[in-house]
Amino acid sequence: MPESNHNAAHYFIETHLAAGRGENIAFIESTSGKRISYGTLSANSGKVAGALTKAGIKREERAAILMLDSIDCVEVFWGCLKAGVIAVPINTLLASAVYETILGDCRASCLFVSAALLEVVKPVLAKNSHIRKVIVVGDHVLKDGFESYESFTHGAHEQEAVLVSADEPAFWLYSSGSTGQPKGVRHVHGNLQATSDTYGAKILGLIQSDVVFSAAKLFFAYGLGNAMTFPMAVGATTILFDGRPTPPAVMEIFAGNPAPTIFCGVPTLFGAMLVHCDPVEKPEHQLRLCISAGEALPEEIGKKWEQKFGTEILDGVGSTEMLHIFLSNRPGDVVYGTSGVAVPGYELRLVDEANRDVGIGEIGELLVCGDSAAEGYWNQRAKSRATFEGRWTRTGDKYEINAKGRYIYCGRTDDMFKVSGIWVSPFEVEQALLTHPAILEAAVVAAIDDDKLLKPKAYIVLRNSASSDGLENSIKTHVKEQVGKWKYPRWIEVMEELPKTATGKIQRFKLRSQN
């Protein structure tokens, strides 16, 4: 047994009570206005832990959490960790067939589900032989043997966090599936503090008075750090939003009371908000800092945002496997168009196909080493061995490093291709496309020409006011001038919208399949 308790719930909740911060507001629901202090969160998460034990859900069994961002969701997550039950937050935007796959794969013993999501998952439950208890959170006419959250926790004793080592399993996250079926990524208790001690403390520099709002939801690694562990590490406040983070909804939260001081978004949302904003008036906000991840932030969007809002966007790179951002720009040291430098506490390498380190200006796959690395994938040994190589984790991202030591994103390993024997970065071409006044969004993939050679093909979404007259030649000329004559897209296809994951990542594999 460990000499001291490394249960993440003990660190992120109970230490605040001991330090006299129990009355600090931990979370606010933007829709309902409901608030919860760290002291009440401690009590309520303890009741969830007690209820799980009472229900016979044993230590290291899995509890699936299919819940909208809410205070109840926070209570359930930490209650699971307190009980030693492995929390499995699940994307709330998936189809029934994917829920069937995930619930069957993780073999959860119980399911916490928001009432608004019950109908989409209900058909799956009849086929699942592992789930012994379904707890419905929110207004719902209970039947079919389901139990309400209130009934489940009523009368349960407040269980303290079980004694664990930092290396014991805590939670699983299913990857967003940008290249196929999601994989269960297994994380331990110590990983949560590892990310808050590095990116949260040394890059964001969060303080107790900060108010954080994350567009990325709690079931994502990015959102879990942004909205949960980083603010909780310092006793700050998080605003939770259970709806879709559209530009009008986000701007309303910016103007609220309390107003966010930290905003965590994704490139597509930053771009959409710039389009939404009044072209003349200064937006109402109290932001001191913004961060972006999920995909590389186009230089054009970063510069326009800072000009419009007066705040920097710290573009960074993270992954579900590493739990959060390990490569980032920093406050006062932002170079848009780059991903910055290694977050303190992480080591980085760029390697070629033979696993040799590449030089300045050369393209290689990014490998990362740090204490937040996952144990591996659940039930996928071959993929685990291909991704986790001793201390190093393969990211699947292609980068080059410039003479100043900054990393420049080139694309996913699967997205890169050669034209005339020279590597082409889809992201570089996409950035050039986005500087064209008619284009709102762009994605570039490899397509085969009449000579059976690979060439760039662009899929674009036009701005509302854009005309398609003479557009193709204009776009091709523009890209040639921006990034080189051989990199321009030979074909251009206009779309209503690009296929994306729930985090806003463009699913280029779907575009490639159309060729």
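Visitor: Which residue of E26 is the bridge partner of Ala447?
Guide: Strands (E, at least two residues) and helices (H or I, at least four) are DSSP runs, numbered from the N terminus. Ala447 bridges to a residue of E26, and that partner is Lys455.

Visitor: What pLDDT do local features need in this predicted model?
Guide: Residue numbers start from 1 along each chain as its sequence is written, and side-chain values use heavy atoms, with hydrogens and water left out. This is a predicted model in which totals for chains, interfaces and linings use all residues, side-chain atom pairs count only at pLDDT 80 or more, and local features need pLDDT of at least 70.

Visitor: How many bridges pair E25 with E26, and in which sense?
Guide: Two strands pair if DSSP finds at least two bridges between them. For E25 and strand E26 (residues 454-462) the sense is antiparallel, and the number of bridges is 9.

Visitor: What angle does the direction of H13 make with that of E25?
Guide: Helix H13 (residues 426-434) packs on the sheet, in contact (heavy atoms within 4.5 Å) with E25 and E26. Angles run from 0 to 180 degrees between N-to-C directions, and axes are lines fitted to C-alpha atoms, for helices over the stretch in contact. Between H13 and E25 the angle is about 145 degrees.

Visitor: Which strands stand at the edges of the open sheet of 3 strands?
Guide: The order is E25-E26-E27, with mixed pairing. Each edge strand has a single partner strand, so one side of it is left without a neighbour in the sheet; these are E25 (439-448) and E27 (491-494).

Visitor: Which strands stand at the edges of the open sheet of 9 strands?
Guide: Pairing is mixed here too, and the order runs E2-E1-E11-E10-E12-E13-E14-E15-E16. A single partner strand leaves one side of each edge strand without a neighbour in the sheet, which applies to E2 (35-37) and E16.

Visitor: Which residue of E16 is the bridge partner of Leu327?
Guide: Strand E14 (residues 313-318) runs antiparallel to E15 (residues 325-328), joined by 3 bridges, and Val317 stands opposite Leu327. E15 also pairs with E16 (residues 341-342), again in the antiparallel sense, over 2 bridges. There the partner of Leu327 is Ala342.

Visitor: Which residue in the turn between E14 and E15 has a positive phi?
Guide: The two strands form a hairpin with 6 residues between them. The phi in question is about 80 degrees, and the residue is Leu323.

Visitor: Which residue of E11 stands opposite Val211?
Guide: Strand E10 (residues 211-214) and strand E11 (residues 237-240) run parallel, joined by 3 bridges. Opposite Val211 stands Thr237.

Visitor: Is the crossing of H1 and H8 left-handed or right-handed?
Guide: Helix H1 (residues 8-18) packs against helix H8 (residues 221-234) at about 30 degrees, with axes 9 Å apart. That makes the pair roughly parallel, where the classes are under 35 degrees for roughly parallel, over 145 for roughly antiparallel, 65 to 115 for roughly perpendicular and the rest oblique. A crossing is left-handed if the near helix is turned anticlockwise from the far one by less than a right angle, and right-handed if clockwise. The crossing of H1 and H8 is left-handed.

Visitor: How many charged residues are in the contact of H1 with H3?
Guide: The axes of H1 and helix H3 (residues 71-83) come within 8 Å and cross at roughly 125 degrees, which makes H1 oblique to H3. Ala8, Ala9, Phe12, Ile13 and Glu14 of H1 meet Trp78, Leu81 and Lys82 of H3. Ala, Val, Leu, Ile, Met, Phe, Trp, Tyr, Cys and Pro count as nonpolar, Asp, Glu, Lys and Arg as charged, and the others, Gly among them, as polar. The contact has 6 nonpolar residues and no polar ones, and the charged residues number 2.

Visitor: With which side chain does that of Arg394 make a polar contact at 2.5 Å?
Guide: Arg394 lies in strand E21 (residues 392-401). A polar contact is a pair of N or O atoms within 3.5 Å; within protein, one must be able to donate a hydrogen and the other to accept it, and residues adjacent in sequence count only if both atoms are side-chain atoms. The Arg394 side chain makes such a contact with the side chain of Glu389 at 2.8 Å. At 2.5 Å, the partner is Asn355.
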